[in-house]
Amino acid sequence: MKFNTKTIHGGQEHDPAYGSVMPPIYQTSTYAQSTPGGHKGYEYSRTHNPTRNALENAFASIENGTYGLAFASGLAAIDAVIKLLEPGDEVISTNDLYGGTYRLFTKVFEGFGIKFHFIGMENAGNIEQYVNDNTKLIWVETPTNPMMNVIDIKATADIARQHNLLLAVDNTFATPYLQRPLDLGADIVMHSATKYLGGHSDLVMGALVVKDKELAERLYFIQNASGAVCGPQDSFLALRGIKTLHVRMQRHCENGKAVANYLASHPKIEKVYWPGFEDHPNHDVAKAQMDDFGGMVSFTTKGNNYEEAIKIVENLKVFTLAESLGGVESLAGHPASMTHASIPKEEREKTGVVDSLIRLSVGIEDEDDLIADLEQAIG
């Protein structure tokens, strides 16, 4: 089954009760039993829920995995992955990553004795020098948030396999429409399903997908024991979103390319970050592991002027100034004061997250309207 068909039918069955094409919303916390332990596969909705299970099957299908897990948020999904570790273990992580991930790693799990190395992974060979006997996990975002760095998943997977490490890839920006990390050797794929998978800015959710049964069982245990599961209503909405993922992503990519090219030609713009440009440092890697280059674009204004960047995002009319990304509507954000404010300024700026940086999530509106909006806002 090809991807466009998987988004609609992958992992899905018609509801056995009445043949419902869409999985019903099983809005229940518990299930009747005929005798203690005698039930129809469901006991309590923290552990299992038919609507959530349908979604988890869809997650697994579109990522070419075997087991899917749905969480109450992307951070809850990341939390479950780090709970595979023990005090004294070490993690090698991308240095340019979502601020919430950085906060979870440094403010929560470092306190439990887990050590994190935040490094540039644009050259996968840079990872080797940080591997030691305590290393257990490599955590990758690609493209990274918000600098749009591209990391070679296959090369990183080769390093992880050589040293018997787990490799987890945050695939939120690319989605399985553009890249499938499990096929490239990753052990775990993570999504903030709030973003492109849901696609309509109406839910908060996280996802994990794996192929290995033992790893899946460990994660299912953590999911159930910790309890950060999503509800059936949100599961239904995410399933609905996945059914149009392929057509939305096609338009996101088309509009992202148009916006990136427009910004690159603008005299007031210093630098545009988008992996589709041939002069992007890892364009060849992006071209090899991605089917297109996505709808996320970041840029800086000339002079690295904070006030100018704030003026631009406040003047936008079609783009909405807001946290998040991946919805059908275009969003603009100022990472230094919004999504990445939890990262210390000196650490942010090492990776390029300067005060003039603006991040765009290019939606599926008409590209002429998007470009006209940028034109009037930038001036």
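Here is a short briefing on the cavities and on one helix pair.

This is a predicted model, where local features need pLDDT of at least 70, side-chain atom pairs count only at pLDDT 80 or more, and totals for chains, interfaces and linings use all residues. Residues are numbered from 1 along each chain as its sequence is written, and side-chain values use heavy atoms, with hydrogens and water left out.

**Cavities**

- You'll find three cavities of 30 Å³ or more in the structure (a cavity is a set of points on a 1 Å grid over the protein atoms alone where a 1.4 Å probe fits but cannot get out).
- The largest cavity has about 60 Å³ of space, a volume being the space filled by probe spheres set on the points.
- Its lining (residues with an atom within 4 Å of a point) includes Ala322, His334, Met338 and Arg359.
- Strands E11 (331–333) and E12 (357–361) each give at least two residues to that lining (strands are DSSP runs of E, at least two residues, numbered from the N terminus).
- Sorted by class, the lining of the largest cavity has six nonpolar, five polar and one charged residues (Ala, Val, Leu, Ile, Met, Phe, Trp, Tyr, Cys and Pro are nonpolar, Asp, Glu, Lys and Arg charged, the others, Gly among them, polar).

**Helix pair**

- Helices (DSSP runs of H or I, at least four residues) H3 (residues 74–82) and H4 (residues 99–109) have axes that come within 10 Å and cross at roughly 45° (axes are lines fitted to C-alpha atoms over the stretch in contact, with angles from 0 to 180 degrees between N-to-C directions).
- Leu75, Ile78, Asp79 and Ile82 of H3 meet H4 residues including Arg103 and Phe109, where contact means heavy atoms within 4.5 Å.

Terms used: On a 1 Å grid over the protein atoms alone, a cavity is a set of points where a 1.4 Å probe fits but cannot get out, and a pocket is an open set with protein on both sides within 12 Å along at least five of seven lines; lining residues have an atom within 4 Å of a point.
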